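Here are some notes on the model, written as numbered points for a colleague who will want to check each against the coordinates. They take up the domains and their contact, then a sheet, and finally some local details.

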Amino acid sequence: MAIDVGESDFLFVLTGAGVSAESGIPTFRGAGGLWEGYRIEEVACPEAWEADPELVWKFYSWRRQKALACRPNPAHVALAEVEKRLGERMVICTQNVDELHEAAGSRRVLHMHGRLFQSRCEKCERPPFPDTNSYETLAAIPRCACGGRIRPHICWFGEVPFHMEEIFAALGRTTVFVSIGTSGVVYPAAAFVQSVRARCGKTVYIGLEAPENLPLFAERYLGKAGELVPRLLAISDL
Ligand code: NAD
Ligand code: ZN
């Protein structure tokens, strides 16, 4: 059982919360959409930031603290090993904001929904910067030189995902598309598989349960990413 990636293939790996679940980062599903008491729509949209920046930063500070203690699992490690062999013929596009792909050694990673350990100004074009701090009160939220407040570098609901040009360029070259641990309900990521299908590429889903867009995948492997990804990808004949 292996996913065949040949010498002229380009591999596009789309990852979601499921790839980090075995590292201890909770997924979004279940528990009524609540994350330890946080209702996602009250902390992950521009309206929430306008209404209550303190609550938004409390949520992301909590996520930072939680993620700092997490380590890559065998799925992240296997993907990094595949990249060592494929080099520029592979990209990981992740919906995750954690750094676990990088921690495992992956270098070609596009964080379409932003990065938990980066912050940026809410107003000006100053680029995002590394930030592992927690901000628990309104007074603790730093301000940029321009006067704007510093916000998490996260793509909130209603905002445009990052790196879309690079993502579509990569999809245009993709011959093997592997989606791992994503429920297939959040767009545009959930539609990437369609563009690969339209060009007759191989489409594979790996994850615990059937995602919403399962019928679009030609090959499906249901189970834990930490067990399936090393078996399906790392030992394949690259
Ligand atoms: P998700 O939580 O919607 O789905 C996670 C998927 O991973 C599920 O299909 C689950 O079956 C699977 N999974 C769980 N454990 C697994 C394991 N050990 N191995 C393999 N698969 C496993 O997460 P998502 O699809 O990444 O969400 C997409 C994006 O939606 C997120 O990046 C985020 O930006 C955004 N978001 C969604 C919500 C929401 O409520 N839908 C909330 C906040 C943010
Ligand atoms: Zn600024």
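1. Domain bounds, as used here, come from an automatic or database domain assignment. On that basis the chain of this predicted model is divided into domain 1, made up of 11-25, 72-113 and 161-237, and domain 2, made up of 34-69 and 121-154. The C-alpha centres of domain 1 and domain 2 are 27 Å apart, and the contact draws five residues from domain 1 and five residues from domain 2.

2. The size of an interface is often given as the accessible area lost when the parts come together. For domain 1 and domain 2 the buried area is about 410 Å², with 72% of it on carbon and sulfur atoms. On the side of domain 1, Ile 25, Val 97 and Phe 162 account for 69% of the area buried against domain 2, which is more than any other three residues supply.

3. By class, the side of domain 1 that touches domain 2 has three nonpolar and two polar residues, and no charged residues.

4. An open sheet is formed by three strands in the order β7-β6-β8, with antiparallel pairing. Because β7 (129-130) and β8 (150-154) stand at the edges, each with a single partner strand, one side of each is left without a neighbour in the sheet. Strand β6, residues 114-121, pairs with β8 in the antiparallel sense over five bridges, and Cys 121 has Ile 150 in β8 as its bridge partner.

5. The structure as a whole holds nine salt bridges. One of them joins the side chains of Lys 58 and Glu 54, at 3.5 Å from N to O. Both Lys 58 and Glu 54 belong to helix α3 (residues 53-68), where they lie four residues apart, about one turn of the helix.

6. Most residues other than glycine have a negative phi, and most peptide bonds are trans. Two places deserve a look with this in mind. Tyr 187 and Pro 188 are joined by a cis peptide bond with omega of about 10°, and Pro 188 is placed in the loop between β9 (176-180) and α7 (192-198). His 163, although not a glycine, has a positive phi of about 60°, and His 163 lies in the loop between β8 and α6 (164-173).

Note on methods. Residues numbered from 1 in each chain as written. Chains lettered and ligands numbered in written order. Predicted model: local features only at pLDDT ≥ 70, side-chain atom pairs only at ≥ 80, totals over all residues. Heavy atoms only, no water. Contact = heavy atoms within 4.5 Å. Buried area = accessible area lost by both parts, 1.4 Å probe. Nonpolar A, V, L, I, M, F, W, Y, C, P; charged D, E, K, R; others polar. Pairing = 2+ DSSP bridges. Helix = DSSP H or I, 4+ residues; strand = E, 2+ residues; numbered from the N terminus. Salt bridge = Lys/Arg side-chain N within 4 Å of Asp/Glu carboxyl O.
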